[in-house]
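Good morning, and thank you for coming.

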Amino acid sequence: GCRTLPLSAHVGFDSLPDQLLRKSIKHGFCFNVLCIGETGIGKSALMSSLFNTNFEDSPSTHFLSSVRLRAQTYEIQEGNVLLKLTVVKTVGFGDQLNKADSYQPIVDYIDAQFEAYLEEELKVIRSLFSYHDTRIHVCLYFISPTGRSLKTIDLLTMRNLDSKVNIIPVIGKADSISKTELQEFKKKIMSELVSNGIRIYQFPTDDETFSEINTITNGYLPFAVVGSMEKVKIGNKMVRARQYPWGIVKVENESHCDTVKLRRMLCTNMEDLREKTRAYYESYRCCRLEKLGGKDIGPENKLVSLQEVIEAKRLEFCLEMERKEEEIKQRFVQRVNKKAAMLEEAERQASMPVLTKFERVMLMYQEEELKLREKKKLLEDEIAQFIEKKAIAESIQSQVSVSTPVVSLK
Amino acid sequence: PHAGPVESRTEAAMSELVPEPRQKPVVPMKPMGINASLLGYIGIDTIIEQMRKKTMKTGFDFNIMVVGQSGLGKSTLVNTLFKSQVSRKSSGWNREEKIPKTVEIKAIGHVIEEGGVKMKLTVIDTPGFGDQINNENCWEPIEKYINEQYEKFLKEEVNIARKKRIPDTRVHCCLYFISPTGHSLRPLDLEFMKHLSKVVNIIPVIAKADTMTLEEKTEFKQRVRKELEVNGIEFYPQKEFDEDLEDKTENDKIRQESMPFAVVGSDKEYQVNGKRVLGRKTPWGIIEVENLNHCEFALLRDFVIRTHLQDLKEVTHNIHYETYRAKRLNDNGGLPPMTVETEENHESNL
């Protein structure tokens, strides 16, 4: 602890909050809302009514095979506050025949935002101050206005989310329940939440300025909300309302529904919601880093252990990558060689018969030529012999023809 | 003759080698900057009040370091800035004490409150700086101290189960006292600022400015500014960290005209024109510390405390600390963890 010193005169650091706020205002604020509810329960209508703006959105079908999430970011300016509002809605929630896994995509989405932030935080070169924070600050869970009790899917989903996000349960399309039924319904819902151990967001009561109003508002949970994209002319004003043959439900009328209460509570506790989200993030980060194998051993070992773990994992990964790369290279080289060999073989075979044929023909011709030459020689010899014989015969004949009568020498 | 079919077979073989792309995590689509027009009040602007309440509740930390040769009036100036005895004046070295061989680092913390705003102010004194015969590397203990505070913060930040509010002992501002020689900066000044301007916000001040006339002051300041520029010393507010045009215009004026602030400090009050003022009494007149005609103390006070205090902290956190962290995480593996000075070295004011 440090000693408190008195100041002898005005120093001027009481302007610090203003200095800080000036920077925050320049930077803008982020607020991310997740709406979970069945198709057609009025998520879009409520968001439009809460922020008094018609957020463009197309209605979705009931026939999606799994739950999906759709996110859109809007910039809203009020006074000198620039709010980056992200509205995430479930699409197809409650439509499937088997709803056992319906909550999983939602949990995965929330975790993915934490993961993205953690990733940025763990980078060597990071820019946290300009990072667009997408972590979900509040989850509006829409309960169907059955008037009876919570559905199993409600309990299942909320139980899986209450350790990751601030949950504010609301009753959607609450204009279909009468006032008396509504009181009973609200009581039933709250007692079911308690008996199932589901933690919902409680508006903070520690600050004396707000503790009274927050305690009262906590008693209104779950909020019975009505939203409308349309405006009805009442008197000389256009008012957000729903027009029925029996009357007009005014969205902004607190005796008609709790929409305005919800809006007020969201706005006046925005910073608290953001802070509690940071706490949820810390526990996510804790779990995640523990899974990675880090441990807080002792004061001197902390930095080393986490770094060591990360470094070891990185080396492991690098080695694995190298190994895989080598493997792939080897396989590739093998294939190339095989293919090359195949090509060579094919080429050889293609060219071989042609050459041999030619050679064979040549050989044939040569053989023929030889034979013919031999025959020629034989013939020539025969001719020579014949000429010789003829010559002898003629000489004998000439000798004989002198003395004896010609005798044919046949 | 076999060109066609063989080639496509090779292509197919190649594609088998390319790995499947990894599944991307589910993240929201790029933000649609639809400027929704508002009709009717919603109440978003109440967040300002909520944040103000929160900051008032948690309070602020501010750590200011003073560096300069002894006798330049560092403690007096800090006490004048914060209008209380936050820094103990050293009485110089008497014969029994030995001049320390190296620079000592003494951090003393106090809590001060004003207008509902609580501030834990830590003044870090550096006795011995520039006092030895051989002052080479006398900035090293200071740089080491500053890095140790970054290291402390990093260790806590990296913890798995970490505190909600990490205690901040990082030096947000370093006032460097320049001797009013009237000539130029000394090699010691340049060496110190060259090394340290990269790790901490340095605000150079000309101490004991009552020894210079107005003309001498203006010339000296110009020369100092020139020398700092020539030596590539970026003092706070650094040009590259101006966030927008508004900041740049405001800071340009301060950088190019006002800084370095020529200051005089005093903790004694005198009566001038019926008012009690802080000042120094001389045979030739009373120097009023907070009179802008006499010295620029008021400018320094407004600059550091009333307008740029939060910014000093933010630049320290977002830039200097991040630079340290990035370097530390990059030189990973081989580097052993730094030994951090334990709490015993810090004087607490109990």
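How many helices and strands are there in chain B? Chain B has 9 helices and 10 strands; helices (H or I, at least four residues) and strands (E, at least two) are DSSP runs, numbered from the N terminus.

Let me first state the conventions. This is a predicted model, in which local features need pLDDT of at least 70 and side-chain atom pairs count only at pLDDT 80 or more, while totals for chains, interfaces and linings use all residues. Residues are numbered from 1 along each chain as its sequence is written, chains are lettered from A and ligands numbered from 1 in the order in which they are written, and side-chain values use heavy atoms, with hydrogens and water left out.

Next, confidence. The predictor's confidence in each residue, from 0 to 100, is called pLDDT. Chain A has a mean pLDDT of 86, and 90% of its residues reach 70 or more. Over residues 297-303 of chain A, however, pLDDT stays under 50, and the model has 9 contacts (heavy atoms within 4.5 Å) beyond four places in sequence for that stretch.

I turn to chain B. Of its 350 residues, 50% count as buried; buried means under 20% relative accessible area, exposed over 50%, and partly exposed in between (1.4 Å probe, protein chains only). Among the contacts in chain B with a separation of 6 or more, 70% come from residues 24 or more positions apart.

Why is strand S2 of chain B, residues 60-67, described as largely enclosed by the rest of the structure? The reason is that 8 of its 8 residues are buried. In a regular strand, side chains alternate between the two faces of the sheet. In S2(B) both faces are covered: one side carries Phe60(B), Phe62(B), Ile64(B) and Val66(B), the other Asp61(B), Asn63(B), Met65(B) and Val67(B), all buried.

Two strands pair if DSSP finds at least two bridges between them. S2(B) pairs in the parallel sense with strand S4 of chain B, residues 117-125, over 7 bridges, and there Ile64(B) has Val123(B) as its bridge partner. S2(B) also runs parallel to strand S5 of chain B, residues 173-178, joined by 4 bridges; in S5(B), Cys174(B) is the bridge partner of Met65(B).

In chain A, helix H2, residues 43-50, is mostly covered, with 7 of its 8 residues buried. Its buried residues pack against several elements of chain A, including strand S2 (29-36) and helix H7 (259-268). After H2(A) comes Asn52(A), whose phi is positive, near 55 degrees.

What of the cysteines? A search of the whole structure finds 0 disulfides over all chains, a disulfide being a pair of cysteine sulfur atoms within 2.5 Å. For Cys139(A), the nearest cysteine sulfur, that of Cys35(A), is 8.0 Å away. Cys139(A) is buried, with a relative accessible area of 0%. Cys287(A), by contrast, is partly exposed at 46%, and its sulfur lies 6.4 Å from the closest cysteine sulfur, in Cys286(A), which is too far for a bond.

Finally, how do the two chains meet? In this model, 88 residues of chain B are in contact with 93 residues of chain A. The count of salt bridges between them is 12, where a salt bridge is a side-chain nitrogen of Lys or Arg within 4 Å of a carboxyl oxygen of Asp or Glu. One of them joins Arg162(B) to Glu282(A), with the closest N and O atoms 2.8 Å apart.
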